[in-house]
Amino acid sequence: MNPLTTIKGTIGAGVVLAILLALLTMGIALNVPSLIIWLHVLAGITWIGLLYYFNFVQAPALAAAAADQGGPGGAGIGKYVAPRALLWFRWSAVLTWLTGASYLGHTGLFLDAFTLGMRANAPATAFIIGVGAWLGTIMLFNVWVLIWPNQKKVLGLVEATAEQIAKARRVAFLASRANTALSIPMLMSMVGFGHGGFFL
């Protein structure tokens, strides 16, 4: 059976290939921090990838579909695509945050990061990773408190009046756009932490 015919098979094939490449090129360190950071990166790519999909592809496509008088409309996206994408989106956000917090805890940086390096003897990089951690926390809050509850109204998963749906659409849209804007300095902080500074 071809593993590329299923999502699980595709992910499994990618993991096996990554392990083989690691063994062939530099060996492999099977330790807790390495596993946590790889899960963090994979979950983060899924989360931010879907965030960008919603903002750069789905939202403009739905607007175009609504404006197209004779077109098929956006019902298919709302019924089949958006619920599945939002499922992956919200749970990858949780996994990203949990693995990031776990990594900070495992390395002893959790308090230093969340206090933005203001504790005595905090490493200089605590501010950099702390900015990213706080932005990621705000973004996670937006996903679960603003985006998902309002998207349930928009998608008809919970009952709402036309007025409530219009308001929910606006709140979810603005929270999603806020997350898109926050993702840029958040990603800069994450990469900067590994390289010793925001712009290095």
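In the predicted model, helix H2, which covers residues 32-67, and helix H6, which covers residues 162-195, approach each other with their axes coming within 10 Å and crossing at roughly 145 degrees. The crossing of these two helices, H2 and H6, is left-handed. On the side of H2, the contact is formed by His-40, Ile-48, Leu-51, Tyr-52, Asn-55, Phe-56 and Ala-59, while H6 contributes Ser-176, Arg-177, Asn-179, Thr-180, Ser-183, Ile-184, Met-186, Leu-187 and Met-190.

The C-alpha trace of the chain extends over about 60 × 50 × 30 Å along its principal axes.

A further feature concerns the surface, where a nonpolar patch of about 1,100 Å² is made by Ile-7, Ile-11, Val-15, Val-16, Ile-19, Leu-20, Leu-23, Leu-24, Leu-87, Trp-88 and Trp-91. At least two residues of this nonpolar patch are supplied by each of helix H1, spanning 7-25, and helix H3, spanning 75-106. Helix H1 accounts for the largest share of the nonpolar patch, with 8 residues, and Ile-7, one of the residues that make the patch, is placed in this helix, H1.

Note on methods: Residues numbered from 1 in each chain as written. Predicted model: local features only at pLDDT ≥ 70, side-chain atom pairs only at ≥ 80, totals over all residues. Heavy atoms only, no water. Axes fitted to C-alpha atoms, helices over the stretch in contact; angles between N-to-C directions. Helix = DSSP H or I, 4+ residues; strand = E, 2+ residues; numbered from the N terminus. Left-handed = near helix turned anticlockwise from the far one by under 90°. Contact = heavy atoms within 4.5 Å. Patch = residues over 30% accessible without salt bridge, like charges linked within 9 Å, V, L, I, M, F, W, Y side chains within 5 Å. Areas by Shrake-Rupley, 256 points an atom, 1.4 Å probe, with all protein chains shown as cover. Salt bridge = Lys/Arg side-chain N within 4 Å of Asp/Glu carboxyl O.
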